[in-house]
Amino acid sequence: MEKRDAVAAGLMLPVMEAFYTIQGEGTFSGHPAYFIRLGGCDVGCVWCDVKDSWDAAKWPVLSIDEIVAGAKQYLGRKVVITGGEPLMYDLGPLTTLLKSEGFSTHIETSGAHPFSGDFDWVCFSPKKFKAPHPSIYEHANELKVVIYHQSDFDFAEKHAALVQNDCQLLLQPEWSKAATFTSKIIDYVKFHPNWKISLQTHKFMDIP
Ligand code: SF4
C-alpha cells in the first residue's frame with residue numbers, strides 16, 4: 001500500500017513527537033500518560049504554542065504498530081492523542097490497537113474534523129478559528145475552553161449548550177493571558193458553578 005493510502009486509512013500517521021509525561025490539564029491532570037502528538041493542523045489559532053505541528057509533511061510517518069510500540073515502553077497505560085489536530089486522520093485503527101494492548105485512550109481535539117476512533121476520554125477544546133464538526137458534541141466527555149479574550153466566556157457557553165449533560169465544563173486561562181484572566185475565571189466559576197477551572201500545571205512543573 002502506498003504511504004499516502006496508508007495515512008488515509010489510518011494505518012500510518014505523521015508523528016511530530018511522542019513522550020511519557022504527566023497530563024497537566026483538565027480532568028486527568030496529574031495522571032501519567034504517554035502523549036502522541038500528530039503532525040498537521042488547519043485550525044490556525046493565533047496563540048498556538050505548537051505551530052511547528054501545523055505542517056504534517058515535516059514529520060515522519062509511522063505505522064500504528066511503531067506508534068503503539070513506543071507507548072508500550074512505559075508503565076503508564078493512558079495514551080493521549082493530541083496535535084496538531086488529530087481528527088484530521090482516521091483514528092480508528094490506532095485506537096483499536098491501543099485498546100487491544102490494554103491502553104486507555106484519550107484525545108485532545110478542537111473537533112474541527114469528523115470524529116473517529118474508540119476513545120475512553122474525549123477532551124473537546126473548540127477554537128474560534130475553525131468551527132467544530134457537529135459529530136464532536138455527542139462524544140465530548142470534557143469541554144475545555146481556553147480563555148484568551150473576554151468574549152471567550154460567551155463562546156464557552158455557546159458550546160456548553162451543545163454537549164451532553166454529563167460533559168465536564170472547564171475554563172482554562174491561555175498561558176500568556178493568565179495574569180489578566182485567572183481572576184476573572186475564578187469570579188466566573190463562582191457565579192456559574194457548573195464550570196471548573198483547568199490550569200496548565202505542566203507549565204508550572206516545567207515538563208512537556
Ligand atoms: S488547534 Fe491546537 S495545534 Fe491547531 S492551531 Fe489551535 S492550538 Fe495549535
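Me: Which residues does the UniProt annotation "domain: Radical SAM core" cover?

Reply: In the unreviewed UniProt entry, that annotation covers residues 28–208. The model shown here is a predicted one.

Me: Why is Pro-14 called buried?

Reply: A residue is buried if 20 or more other C-beta atoms lie within 10 Å of its own. Pro-14 has 22 of them within that distance, so Pro-14 is buried. Pro-14 lies in strand β1.

Me: What does Pro-14 touch, not counting residues up to four places away in sequence?

Reply: Its contacts are Leu-38, Gly-39, Gly-40, Ala-56, Trp-59, Pro-60 and Val-61. Pro-14 and Ala-56 are 42 residues apart in sequence, yet their C-alpha atoms are 6.3 Å apart in space.

Me: Why does Ile-22 count as partly exposed?

Reply: Partly exposed lies between the two cut-offs, buried at 20 or more neighbours and exposed at 12 or fewer. Ile-22 has 17 C-beta neighbours inside 10 Å, so Ile-22 counts as partly exposed. Ile-22 is in strand β1, residues 12–22. Leaving out residues up to four places away in sequence, Ile-22 touches Gly-30, Pro-32, His-202, Met-205 and Ile-207.

Me: What makes Pro-208 partly exposed?

Reply: The count for Pro-208 is 13 C-beta neighbours inside 10 Å. Exposed would need 12 or fewer and buried 20 or more, so Pro-208 counts as partly exposed. Pro-208 is found in the segment after α6 (201–205). Apart from neighbours within four places in sequence, Pro-208 is in contact with Phe-19, Thr-21 and His-202.

Me: Which residues does UniProt list for "binding site"?

Reply: The unreviewed entry lists Ile-22, Gln-23, Gly-24, Arg-37, Thr-82 and Pro-208.

Me: Which residues surround the ligand?

Reply: The ligand is surrounded by Cys-41, Val-43, Gly-44, Cys-45, Cys-48, Val-50, Ser-53, Gly-83, Gly-84, Glu-85, Ser-110 and Lys-127. By class, this shell has 5 nonpolar, 5 polar and 2 charged residues.

Me: Why are β3 and β9 said to stand at the edges of the sheet?

Reply: The open sheet has 9 strands in the order β3-β1-β2-β4-β5-β6-β7-β8-β9, with mixed pairing. β3 (61–63) and β9 (196–197) each have a single partner strand, so one side of each is left without a neighbour in the sheet.

Me: How do you know that β4 and β5 pair?

Reply: Two strands pair if DSSP finds at least two bridges between them. Strand β4 (residues 78–82) and strand β5 (residues 104–109) have 4 bridges, in the parallel sense, and so they pair. Val-79 has Thr-105 in β5 as its bridge partner, and Ile-81 has Ile-107.

Me: What joins β5 to strand β6?

Reply: 4 bridges join β5 to β6 (residues 121–124), and these strands run parallel. In one of these pairings, the bridge partner of His-106 is Trp-121 in β6.

Me: What makes β5 mostly covered?

Reply: Of the 6 residues in β5, 5 are buried.

Me: Which helix makes a right-handed β-α-β unit with β4 and β5?

Reply: Helix α3, residues 92–100, makes that unit with the two strands.

Note on methods:
Residues are numbered from 1 along each chain as its sequence is written. This is a predicted model: local features need pLDDT of at least 70, side-chain atom pairs count only at pLDDT 80 or more; totals for chains, interfaces and linings use all residues. A residue is near a molecule or strand if its C-beta atom, placed from the backbone, lies within 6 Å of it. Ala, Val, Leu, Ile, Met, Phe, Trp, Tyr, Cys and Pro count as nonpolar, Asp, Glu, Lys and Arg as charged, and the others, Gly among them, as polar. UniProt positions are given in the numbering used here, feature names are shortened, and annotations may be inferred rather than shown by experiment. Two residues are in contact if their C-beta atoms, placed from the backbone, lie within 7 Å. A crossover is right-handed if, with the strands pointing away from the viewer, the path from the first strand over the helix to the second runs clockwise.
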